[in-house]
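Subject: Structure handover

Hello,

Here is the structure we talked about. Please open it and keep it beside you as you read.

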Amino acid sequence: MFDVLDAGQRALELAHRGGVPLVYGSDLLGSMHRHQLREFAIRGEVQPAADVIRSATVDAARLFGMEGEIGVVTPGARADLIVVDGNPLDDLGVLQRPESALMLVMKDGKLFKKLF
């Protein structure tokens, strides 16, 4: 397992250095899906936090052909937002601990879940 993880991190590092657009996503299935949030930590080892966050927002929107509609906070966008207790630019871990750090979820501009 660690050989695969090491190879994956090396591939992320090479892609990042080479300017390859990377987006956040998962091919984890079933019981493995619970490990999805670890991607933030794995990527954070080779990419700046801002790049990791962009990969899950703006870059993903571009990949799906939804630029300006999702992945941004701007008038006319869907307003799918989360509020976390902490600054993910300083600590990507706040995105990995929804049970303690996730404070609010908005979906399409409407309050979906308030946790504080």
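Start with helix 4. Asp-59 and Arg-62 sit 3 residues apart in helix 4, so about one helical turn separates them. Their side chains meet in a salt bridge, at 3.1 Å from N to O. Asp-59 is buried, with a relative accessible area of 17%. Arg-62 is partly exposed, at 43% relative accessible area. Bear in mind that this is a predicted model.

**Other salt bridges**

Why do such pairs form? Side chains of opposite charge can pair when their charged atoms come close. How many salt bridges does a search of the whole structure find? The search finds 9.

Helix 2 holds another pair. Glu-39 forms a salt bridge with Arg-43. The closest N and O atoms there are 2.9 Å apart. These two residues are 4 apart in helix 2, so about one helical turn lies between them. Are Glu-39 and Arg-43 buried or exposed? Both are buried.

Lys-107 pairs with Asp-80, and their closest N and O atoms are 3.4 Å apart. Lys-107 lies in strand 2 (residues 102-107), while Asp-80 lies in the loop between helix 4 and strand 1 (81-84), so the pair ties together parts that are 27 residues apart in sequence. Lys-107 counts as partly exposed, at 40% relative accessibility. Asp-80 also counts as partly exposed, at 36%.

Salt bridges link Arg-10, Glu-13 and Arg-17.

**Around Met-106**

Stay with strand 2 for a moment. Met-106 lies in this strand. Met-106 is partly exposed, with a relative accessible area of 22%. Which residues does Met-106 touch, not counting those up to four places away in sequence? They are Ala-79, Asp-80, Leu-81, Leu-111 and Phe-112. Look at Ala-79 in particular. Along the chain, Met-106 and Ala-79 are 27 residues apart. Their C-alpha atoms are separated by 6.9 Å.

**Helix 3**

Now turn to helix 3, which covers residues 49-56. Its buried residues are Ala-49, Val-52 and Ser-55. They cover an arc of only 120° around the axis, so they lie on the same side of helix 3. What do these buried residues pack against? They pack against helix 2 (38-44) and helix 4 (58-63).

**The largest pocket**

Rolling a probe the size of a water molecule over the atoms shows where empty space is left.

The largest pocket holds about 1,100 Å³ of space. It is lined by 34 residues. The closest to its centre are Phe-40, Ala-56, Thr-57, Asp-80 and Ile-82.

Which elements give two or more residues to the lining of the largest pocket? They are helix 3, helix 4, strand 1 and strand 2. Strand 2 gives the most, with 4 residues. By class, the lining has 25 nonpolar, 5 polar and 4 charged residues.

**The second largest pocket**

The second largest pocket has a volume of about 570 Å³. Its lining has 16 residues. Closest to its centre are Leu-5, Leu-28, His-35, Glu-39 and Ile-42. Helix 1 (2-17) and helix 2 are the elements that give two or more residues to this lining. By class, the lining has 7 nonpolar, 5 polar and 4 charged residues.

Glu-39 is found in helix 2. Its relative accessible area is 15%, and it counts as buried because the cut-off is under 20%. Glu-39 touches Val-23, Tyr-24 and Gly-25, not counting residues up to four places away in sequence. Glu-39 also forms the salt bridge with Arg-43. And Glu-39 is among the residues closest to the centre of the second largest pocket.

Best wishes

Definitions and conventions:
Residues numbered from 1 in each chain as written. Predicted model: local features only at pLDDT ≥ 70, side-chain atom pairs only at ≥ 80, totals over all residues. Heavy atoms only, no water. Buried < 20%, exposed > 50% of the residue type's maximum accessible area, 1.4 Å probe, protein only. Arc of directions from axis to C-beta. Contact = heavy atoms within 4.5 Å. Salt bridge = Lys/Arg side-chain N within 4 Å of Asp/Glu carboxyl O. 1 Å grid on protein atoms, 1.4 Å probe; cavity = no way out; pocket = protein on both sides within 12 Å on 5 of 7 lines; lining within 4 Å. Points joined across faces, edges and corners; volume = space filled by probe spheres on them. Nonpolar A, V, L, I, M, F, W, Y, C, P; charged D, E, K, R; others polar.
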